[in-house]
Amino acid sequence: MDIVLLTTIAASLFVVIGLAEPLAARLSLPYSVILAVLGTLIGAGAIFFLRTELTDALNPVAEAILGLPIRSNVFLYVFLPTLIFQATLGMNVRRMLDDWVPILTLAVVAVFVATATIGYALSWVSGLPLVVCLLIGSIVSTTDPSAVVGIFRSLSAPRRLARIIEGESLLNDAAAIALFGLFMGFVMLGLPDPGLGEAIRGFPMLFVGGTIGGWLTARVAVAMMVLFARFELAQISVSVAVPYLAYIISEQLFGASGVIGVVVAGLTMNIIGPGRLSPAFWTNLREVWDLLAHWAGALIFILAALLIPRLLGEARPGDFALVLVVIGAALLARAIVLFGLMPLLSALRVSPNVDRRYRTAILWGGLRGAVTLALALAVTESLRVPVETKRLVGILATGFTLFTLLVQGTSLRWVIGRLGLDKLSPLDVALSNQVIAVSLQTVREEIAETTENYELTRETVRSEAKRFAERLDAAVERAEAEDNTEILDRDRITLGLIALAGYEREVILERFRERAISARLSEQMLFDADRLIEAARTGGRTGYQRAARRSLRYGADFRLAAFLRNRLRIARPLARMTADRFEMLLAKRLILRDLHGFIDHRIRRIHGRRVAELLHELLNRRVEAVATAIEGLRLQYPGYAEKLERRFIRRTALRLEEGEYNAMREDGLIGAELHTALMQDIGRRRTETEGRPHLDLALRKEELVRQFPLFADLDEAELRRLGRALRTRYINAGKIIARKDSPSRSVFFVASGAVEQEIAGQTTRLGRGDMFGQIGVLTGKPRRAEVRAITPTSLLELNETSFRRVLKRSRALREAVRDSVGDKALQEEAANMPELQLD
């Protein structure tokens, strides 16, 4: 093909892509539907001009369009990795991990249910070999999430629901393509009835090999990008190679699913990238991949749609009956998952409860697209597949795709409207009236100031002020209507907490853009803010408080790191996590204090004084909890907080200095050469502040022991030995540390936090420096008390042998043990114990 003609066609396709988006917005249709229609029209037009006798002038163009080198490998090896990789880079992985059970279940189970339902229904009706029918089922079980997720976002649907659908669709493609590869192999080998069980047995290996290939590729790529830290274009170039290498390595080296390899590579880079690459580069990288994915998604859709007229060219009347069977079976399979499996997951509390109306919209929104057509094209290209099988696969897959795009896609918004999902609730309507009234009052004040500053003519100002006053009066009247006054304080508190958490999220993003906090910590804090929003939305004040407490807990990864440190002497993971926690708490304290102004200036004006005061109280509790957690870490690691605070001040100073130089450059006070030199100097000093101070856990634990009055009379050698014997335990609030009647084998010292001890119905609280468990160890009797943490608590645990040794050497410890005995009978027993003699 002539290179000029090929370039012209390619450029024209980009023009079509540019026109499709505004056209889709104008017609209120999914973008993918418009692309598919345009591609089909171009393909049909090329065939028409080539066969018509009306004119021969367009024959070269038609021949060039129909002769484009569109092969399934182009879709699977060039476009698909780009789309999948960008989707994984843009995910909030931590939020996805919260919902991994429903996502994985819906993705994998939905594929098997759809494949089996379509395959067996088609086999029963058509008499085709079962393996061919299962192959068709796997081809049409892939879904295109873009239309549904896009519409849900425009309707302000619950974020968690959109996230589940997005994650399910991503893994859905991976699972479907893996199944397709298995059944395609059976078809080419001529096995008529392999059975679904045989495919399921080979399925796990496709995931394992893809996981290894994707993980290795991403780790090597990130290491290279760190080495190229000064060369952003080189870093981006390496990132472009990642999805393709992951796909090829997984398929060719491990014989696994290339799609799984790309998914794992993207997720791995998403997790480790922000912590090892600069925030500015990570933002630019995502923007580059957003553009690449936009082009790839549009091209894969429009090029696949070009093939539709060709694939349907040999259709027979009886084939359309089989298309109807596929449509019915696919809708039935999706209904089984949505109305059978999802309620079950909700009942088991592993998935959010999804409203029936949303499930109906998801059912009708299960659009198929370019991936389905690409897999069908792969079958039609194979020389080892029978001719009739290729014809049927092409027609059924194409017919079903057209139905989902042209019927379901064009009617999806109508269905959503009929379900009432595009309407605000009465509470939201009442709130919006108040928000508009308050906002217009603020705008009136600012407009008055602006017009005075610019000295506009009085007639113009007066006429516009009159129009604005009429609108403001109408808004106030709606806000003061009887319906709006019925908003319960409980609902106002919920709405205020959602707004407060949303503003907290914005402040975190602002601090990240200012480079006051790192990308890794900002992602964790955004993760916590999203949890606050969803918890307030579903559980109100109680849910908000529960999520706030959860954000301060020690997670399973923290406890695993503590286990590695205490048992295996591997301290690096715990040191990194402790430093992360320290830095996050310091940043969170500053951000929370900024939220009080938002309550006073915004929320009070909308929801009133009582709601604002309650929000202040809830916020103060969070501030106190964070301050307690910081103080506990300060006590354990004295001096480290000061180093982090100094680092924060230096980074803030650099940000302000950079702003001053930029302002001088814009005002013309300094030239470009001087500005460049100043920016280079700031960049050098900023690089020096990026590194975080090292946290030495072992040294800090020994210093903490020295602060305990219980060990004040121990010499240096014994203190060092005691520091090595003590093991650190991190306990979350509400967790039981010691149960009543359990054997006593250790003594615990409270390093930070607080615990509650209940003995014979009496409750006492223990704080930093206190101990418990000592009497049970000395008497050899079961514990008489139940001990529970009431805040996130750090404990120092000492086994029985070490405790008895220290007890012999410390008179202060012996006195403390004797003083801690409250029961009179035990006091006499303790006084007679050889270990507790003071002489």
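**A phenylalanine and its partner**

Author: Phe711 is buried, with a relative accessible area of 2% (buried is under 20%, exposed over 50% and partly exposed in between, with a 1.4 Å probe and protein chains only). The model is a predicted one, in which local features need pLDDT of at least 70 and side-chain atom pairs count only at pLDDT 80 or more, while totals for chains, interfaces and linings use all residues. Residues are numbered from 1 along each chain as its sequence is written, and side-chain values use heavy atoms, with hydrogens and water left out.

There are 7 aromatic pairs in the structure. In one of them, the ring centres of Phe711 and Phe749 are 5.3 Å apart and the ring planes stand at 65 degrees, so this pair is edge-to-face (centres within 6.5 Å; planes under 30 degrees are stacked, over 60 edge-to-face, the rest tilted). Phe711 sits in the loop between α29 (697–707) and α30 (716–725), whereas Phe749 belongs to strand β3 (residues 746–752), so the pair ties together parts that are 38 residues apart in sequence (DSSP runs: helices of at least four residues, strands of at least two). Phe749 is also buried, at 0% relative accessibility.

The loop between β2 (736–738) and β3 holds Asp741. In contrast to Phe749, which is buried at 0%, Asp741 is exposed, with a relative accessible area of 56%. Its phi is near 70 degrees, a positive value in a residue other than glycine. Most residues other than glycine have a negative phi.

Elsewhere, the axes of helix α15 (residues 317–347) and helix α18 (residues 387–418) come within 9 Å and cross at roughly 60 degrees (lines fitted to C-alpha atoms over the stretch in contact, with angles from 0 to 180 degrees between N-to-C directions). On the α15 side, the contact is made by Asp319, Leu322, Val323, Val326, Ile327, Ala330 and Leu331. On the α18 side, Arg391, Leu392, Ile395, Leu396, Gly399, Phe400, Phe403 and Gln408 take part (contact is heavy atoms within 4.5 Å).

A further buried position is Val623, with a relative accessible area of 13%. Val623 is part of helix α26 (residues 609–636). Leaving aside residues up to four places away in sequence, Val623 touches Leu592 and Arg593. Between Val623 and Arg593 the separation is 30 residues in sequence and 7.5 Å in space, C-alpha to C-alpha.

Notes:
Phe/Tyr/Trp six-rings, centres within 6.5 Å; stacked < 30°, edge-to-face > 60°.
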